2 protein chains.
Amino acid sequence: MILPKRTTIYDIAKKLNLNASSVSRALANNSNVSEATRDLILKTAKELNYKPNRIASNLRKGQNQTIGIVVPRINQNYFSNVIAGIEEITYQKRYNIIICQSNESYQKEVECINTLVNQQVSCIVISTSADFAKDDHLQAVLDQGIHLVQFDRVAPNLDTHKVLNDTQEASMEAVSHLINQGYHRIALLEGPQNLSIFRERKAGYLEALRKYNLPINEDLMIENAWTKELGEKATEMLLDLPNPPDAIFASTSDFAALGVLTVAQKRNIKVPQQLGICGYANESFTEITNPPLTTIDQFSNKMGKAIANLYFEEIKNKQISTSRKIVNIKPELIIRASSQKNKI
Amino acid sequence: MILPKRTTIYDIAKKLNLNASSVSRALANNSNVSEATRDLILKTAKELNYKPNRIASNLRKGQNQTIGIVVPRINQNYFSNVIAGIEEITYQKRYNIIICQSNESYQKEVECINTLVNQQVSCIVISTSADFAKDDHLQAVLDQGIHLVQFDRVAPNLDTHKVLNDTQEASMEAVSHLINQGYHRIALLEGPQNLSIFRERKAGYLEALRKYNLPINEDLMIENAWTKELGEKATEMLLDLPNPPDAIFASTSDFAALGVLTVAQKRNIKVPQQLGICGYANESFTEITNPPLTTIDQFSNKMGKAIANLYFEEIKNKQISTSRKIVNIKPELIIRASSQKNKI
DNA sequence: TTGTAGGCGTTATCAA
DNA sequence: TTGATAACGCCTACAA
């Protein structure tokens, strides 16, 4: 492909009988250049339609004004909102973002990290894939001298900057709310327990049961129920129990909660009278189900902004090895009709 | 910030008493290097944890293996699906994507374009903002020797590669379907008419009315009704008419259609018996409203893949000025209960 | 205030 | 098959 040659600082310099370094200084607009020549340079730069070559600049300066982001799926509400939040801040700071998706595969996650390292990004922001196994690849990022911020799904044993939801407390609150509404046999839909966030949500559930002296029943805790379909299957199982639950906390996602609701409607079980439901994530559809779903808002957009701000304010100019900062965004229980037995 | 120095090809060369150019050749793994030395080089590269510096490589090669994407909002279902589709392909080709959002602002769109041009991306993929005014900034991209692919919301007068839905035909089909279901006073919720896709959707609506010899009524066409709230307001107005519509085609979005449904429910108007509804975009929630919404699937993920494939197969190695390719992805009418009066 | 020169890490060309 | 060298476009000591 033949590209029309771009104008460089040399072209500007030549036209004005100046040296390229003067042009560089003028365009950086901080150093010592006489006002006259600076104006002249800026004027001809515009005339010649000069666009700075960031690649060259980055190579010279040894850094890329870019933040790399790795998420399981770009087109999942939660993650796209986090990304949008990050972008809002990075844009103001004239940083770029490069986005990769791991597709919930550890293997691809490793490859994504490699790409970003090769691109010399200044910082990598990551939420790990579901089949997260080891954290060597993340350690390697730090070893390469690249900043690392983990969010949401984090490697618990790796001491890095993190932006988290207090997911255990939120789960505790949700289950406590169900109990206070008069539900006493509360089932749990669990996510993959290799991810700490799902372990924490389970811990919150157990904590609430203990707090209210309710029995802990293994039959009521269903593993890996984190899609609508798996939520449906789990619900079928639960409702077929000799002693079925009177409420289900879909700690994995609102999609699972939707699965619960679907099965309840199919079986003509009244929600919330006969079955209470609580989901997780405050997906937009939870408002419009019938009845609307109680759920937990994670403030994904705010998390994104927190991640970016953490980088610019606390991390950017520090050494890799110092001071890990943990930011906690408090999630919020959104109480809707699907769990309000008392109100009926 | 003090970075631990990365290993370069020189480090490898020094260790092996070779020249950097040999190392470069070995790593590029195509040119003429003896197998023995190549193996040696690859081995020590791994030992020294060598990571290629893509920035330097890109500078030297005068091209960035990166595609820049500009969309109104990252966290809108349609766009995040398109992006996910693009990423699937670019990832295989070892390209990166840089994503910017214009936030529906023309001003920010121009700035995004500039950033991407400065980053020397190989190609810019764009869907314009709602207050799209001029296409100078897009023309400028081409003038800079950067490939341009427009999708969905395109500048109609700018002759570039485009990936489109045949939105007029889809609208025509949708309205024809409503007519065939027995609705005869069909209202239209319009999007901003400065965007060609919304003009086309209106054209499809008018085409269907003409085809079936139905009168065209200005009162039934509501401008700028493209959010849930605006959809609600528009519906209130329409239902207050002396001669209200018996169906509403929310050509702008499913969110607007949801607004229609909300107002209908509030007024105890039965859907689809008394009011037919059709939305646009096949958002995930349309399946679970009560009744489920008839809508149009745009195959956003497929569009994303088509965009990326178009670039790699048709554009990448050609000159900017030659052969504009237009790819049409046929959208599909998804018929659900909200428009099926006949079935009742 | 301006000019000179060297280098960031690669790759491409030419010569050996 | 390998080595030497220049160049991609920019920035920054240092000298003038």
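1. **Ground rules.** Residues are numbered from 1 along each chain as its sequence is written, and chains are lettered from A and ligands numbered from 1 in the order in which they are written. In this predicted model, local features need pLDDT of at least 70 and side-chain atom pairs count only at pLDDT 80 or more, while totals for chains, interfaces and linings use all residues; side-chain values use heavy atoms, with hydrogens and water left out.

2. **Domains of chain A.** The domain bounds come from an automatic or database domain assignment. Chain A splits into domain 1 (9-52), domain 2 (60-164 + 300-329) and domain 3 (167-298 + 333-343). Taken over C-alpha atoms, the centres of domain 1 and domain 3 of chain A are 64 Å apart.

3. **Who meets DNA strand D?** A residue is near the strand if one of its heavy atoms lies within 4 Å of it. There are 24 residues around DNA strand D, and A:Ile9, A:Tyr50, A:Arg60, B:Asn19 and B:Arg25 come nearest. The surface near DNA strand D holds eight nonpolar, twelve polar and four charged residues (nonpolar: Ala, Val, Leu, Ile, Met, Phe, Trp, Tyr, Cys and Pro; charged: Asp, Glu, Lys and Arg; polar: the others, Gly among them).

4. A polar side-chain atom of A:Tyr10 sits 3.3 Å from a base nitrogen of DNA strand D. Helices (H or I, at least four residues) and strands (E, at least two) are DSSP runs, numbered from the N terminus.

5. **Strand β8 of chain B.** In β8 (residues 247-250), B:Ala247 and B:Phe249 point one way and B:Ile248 and B:Ala250 the other, and all are buried (under 20% relative accessible area, 1.4 Å probe, protein chains only). Strands pair if DSSP finds at least two bridges between them. β8(B) runs parallel to β6 (residues 186-189) of chain B over four bridges, with B:Ala187 opposite B:Ile248. Three bridges also join β8(B) to the parallel strand β9 (residues 276-278) of chain B, where B:Gly276 faces B:Ala247.

Key: Polar contact = N/O pair within 3.5 Å; in protein donor to acceptor, adjacent residues only side chain to side chain. Buried < 20%, exposed > 50% of the residue type's maximum accessible area, 1.4 Å probe, protein only.
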